[in-house]
Amino acid sequence: MATDDTNVIDQPEVMKPRMVTIEIAGKKVDVPEGITVVKAMWYAGMDVVRGVGCLGGFCGACATYYRTKDDPKVRTCLACQMAVQDGMSFTMMPPFPARKASYEIQKLQDPKQDLFNLYPEAPLCRNCNACTEACPQKIDVREGVWKAVFGDFKSVSEMFMDCVMCGMCTPVCIADIAPNLVALYVSRAQGAHFAEKPVGLNARIKEIQDGRFNDDWNKVLKMNEKELADYCATVK
Amino acid sequence: MDIHALQQVVHQTRDARRKQTIPKFSSADRDQLIHKYHPDFRASAYRPIRFGPNEGDRTVVELATLLEGESPIQNHAELTPHHTTDVLVIGGGGAGCAAVLHAHGAGAKTILATKLRLGDSNSVMAQGGMQISVAPEDSPVTHFIDTLKGGHMENDHALLKTMVEDGPSIAKWLLELGVLFDRQADGNLHVKKGGGSSKPRLLTCSDYTGLEIMRVLKDEVINQKIQLLEFAAAIELLSDEAGNCAGAIFKDLDNQRHVVVAAKCVILATGGIGRLHIQGFPTSNHYGATGDGLCLSYRMGAKLAHIDTFQYHPSGAVYPEQLIGALVTEGIRSEGGHLVNAKGERFVNELDTRDVVSSSIIRECEAGRGIRTMSGRVGVWLDTPLLDAEHGPGTVEKHFPAMMLQFERFGIDISKDPVLIYPTLHYQNGGVKIDTNSETNVKNLFVAGEASGGLHGRNRLMGNSLLDLMVFGKRSGLTAAGRAGAMKQGKLTLQHLDRFRAEAKKHGNVSGVISPMILPAYTRKVG
């Protein structure tokens, strides 16, 4: 590889990693500054099975509580998406026993009313806003719960598109609401009951059933290798 | 140099680049480029497999070693089943969920076992979308042709025709379950154009398509009260006296005990191999992507297809360090984002197929036109701010919220500054050979999703994976459920292992490693 020193990004932290002292579930360890929380656990010699999933910030497996040096505030993060810093203290959140309602989404008669049967605690929000503060995806969770209660399912489904189901909004709720599960129900109900039926899709399914593409298929599938390659080259 | 200083060239050349059109490579140029720069053609990384159904076929050393690996199960292992079921699904990603829901819906008794949690998978990370020919100007035949071109004409025609024709009914199923695909103003499904496709065909849920589908499918699996075995890693399959598949042995990762499951049919939906870090590449894959299903089916006698070819997604993050290997969605190039070298030049049509784009990035970097990091990596710029310049301020934030948030966590605003990227190990193009019902050459053993092979040829087209998962998950589930109703549970034996071990012995024994790998060894050995 050519070595042209002009095109190198300055990364002093990489050239000389500074070791910092952090606390993992109460145990003090020294790790290189700036690595992710989950990598810090591996660096400290811990085997991690529960608490790691996609490693890309999408699956919500690595929900973690952390506190930075001298700050009393306990915050939340996804362990694969957070860099460690000196004096940081963290512990992973174990699976929380939230109650998930069971439903047959297609058979619901009145999804907006059914919300109150499935999740009767949903309207009991006391506006403490702890759920919103706990969300690592920066969703306005409290607002979403109220919108669900007031039947604005469309807004909820849009607000919670970023939700990775880490569940960190749940243990903090003083009204025992599981906002992520409420939002999941509401989003599915929005999609299954209130979204428009796409006319074009149904037309395409019928076309396939009626054999509208059979002639094209016969033409393409009968071609020899050369003919097929030539034909492919014409499709741009 | 300071990263912002290095990024200046991208800002300075933006307007001039917007006027440029970069033609796609001719077929000959494209082949030449790939042969010279694509990691699939790095001969030293490959070796022939010494024995088994694919004896003599070449694959990467990392995979060959695992395929020839020793089973953790001894010949005399206790095989009294802890659970008995009609259909056993192994894997909790998109294909596994689709399979178990359809098998359950068809009336079969089902178990879904997964080595991490339900839903922990690559599926959940799929951002680009799902290819289904729903637009009036598009057709399943065009989808077939585009995929064939992308796969270098080596795709299994029957599998491919099945996938493109089943596509629209899969979209309908997902919509009925409540998946929120993006819509046009008239209520029809919004379609985007993906790399290597001649027509706009990508259904999306902003840049969270996989996450949205998986949230819904997981919820449905729980609502249907399907029996789950989580943190249960499959470590061996079971065969009956006729050599057909009859169940599996799991290791409970919480207590290391073995769990035996007797099943009339087994569906492996165990995903890909990114965490083997083939050729030292970083990966976009999830923690458990260690190719377990390939090893298990191989010992059982199932033939593999196209296992010498892997997909290196063009845009894996190189900077910051914490995001190395993480994907920067192809959607950014779909919306017009340029790839730019250190001199401020474009060097490839950004919407060419993934193998072509990756090869050209590697070419730029090997020619010294890359940007290097102090941890020894190299990459080129992906001009993300261009999207705001082109389509109006706020475009990046509105269309790519997941990307914005991921970089924002490390103090980077991708709507203002370009992103440094390099190919990352993304997908196993081949896998266990299947028929159109997703069954392997071993009776009652089905494989669905990334673990299967043949459909994608030598290069999977963007957006075809999510569809593959749903189509063949569904087909395997329905076929297995239909068959299980009319058959008896076979006796549980390990005779396939006796055969495998005998064959290994003839060829100088197994490779010395125990397979499957289950999880990558990232824990630092301390002291």
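The dialogue below takes helix packing, a chain contact and backbone geometry in turn.

Mentor: This is a predicted model, in which local features need pLDDT of at least 70, side-chain atom pairs count only at pLDDT 80 or more, and totals for chains, interfaces and linings use all residues. Residues are numbered from 1 along each chain as its sequence is written, while chains are lettered from A and ligands numbered from 1 in the order in which they are written.

Trainee: At what angle do the axes of helix α2 and helix α10 of chain B cross?

Mentor: Two packed helices are described by the angle between their axes and the distance between the axes. Helices are DSSP runs of H or I with at least four residues, and strands are runs of E with at least two, numbered from the N terminus. Axes are lines fitted to C-alpha atoms, for helices over the stretch in contact, with angles from 0 to 180 degrees between N-to-C directions. Here, α2 (residues 27–37) and α10 (residues 354–366) of chain B cross at roughly 60°, their axes coming within 9 Å. That angle makes α2(B) oblique to α10(B) (under 35 degrees is roughly parallel, over 145 roughly antiparallel, 65 to 115 roughly perpendicular, and the rest oblique).

Trainee: Which residues of α2(B) meet α10(B)?

Mentor: Residues are in contact if their C-beta atoms, placed from the backbone, lie within 7 Å. From α2(B), B:R30, B:L33, B:I34 and B:Y37 meet residues of α10(B), including B:D355 and B:R363.

Trainee: How many residues does each chain bring to the contact between chain A and chain B?

Mentor: Chain A brings 71 residues and chain B brings 82 residues. On the side of chain A that touches chain B, α7(A) gives the most, with seven residues.

Trainee: Where are cis peptide bonds found in chain B?

Mentor: One joins B:Y319 and B:P320, with omega about 0°; B:P320 sits in the loop between β13 (310–317) and α9 (331–334) of chain B. Another joins B:S515 and B:P516, with omega about 5°, and B:P516 belongs to the segment after α15 (495–506) of chain B.

Trainee: Is A:D70 buried or exposed?

Mentor: A residue is buried with 20 or more other C-beta atoms within 10 Å of its own, exposed with 12 or fewer, and partly exposed in between, the C-beta atoms being placed from the backbone. A:D70 counts as exposed because it has 6 C-beta neighbours inside 10 Å. Although not a glycine, A:D70 has a positive phi of about 60°. B:I518 also has a positive phi, near 70°, and is partly exposed, with 18 other C-beta atoms within 10 Å.

Conventions. Two residues are in contact if their C-beta atoms, placed from the backbone, lie within 7 Å.
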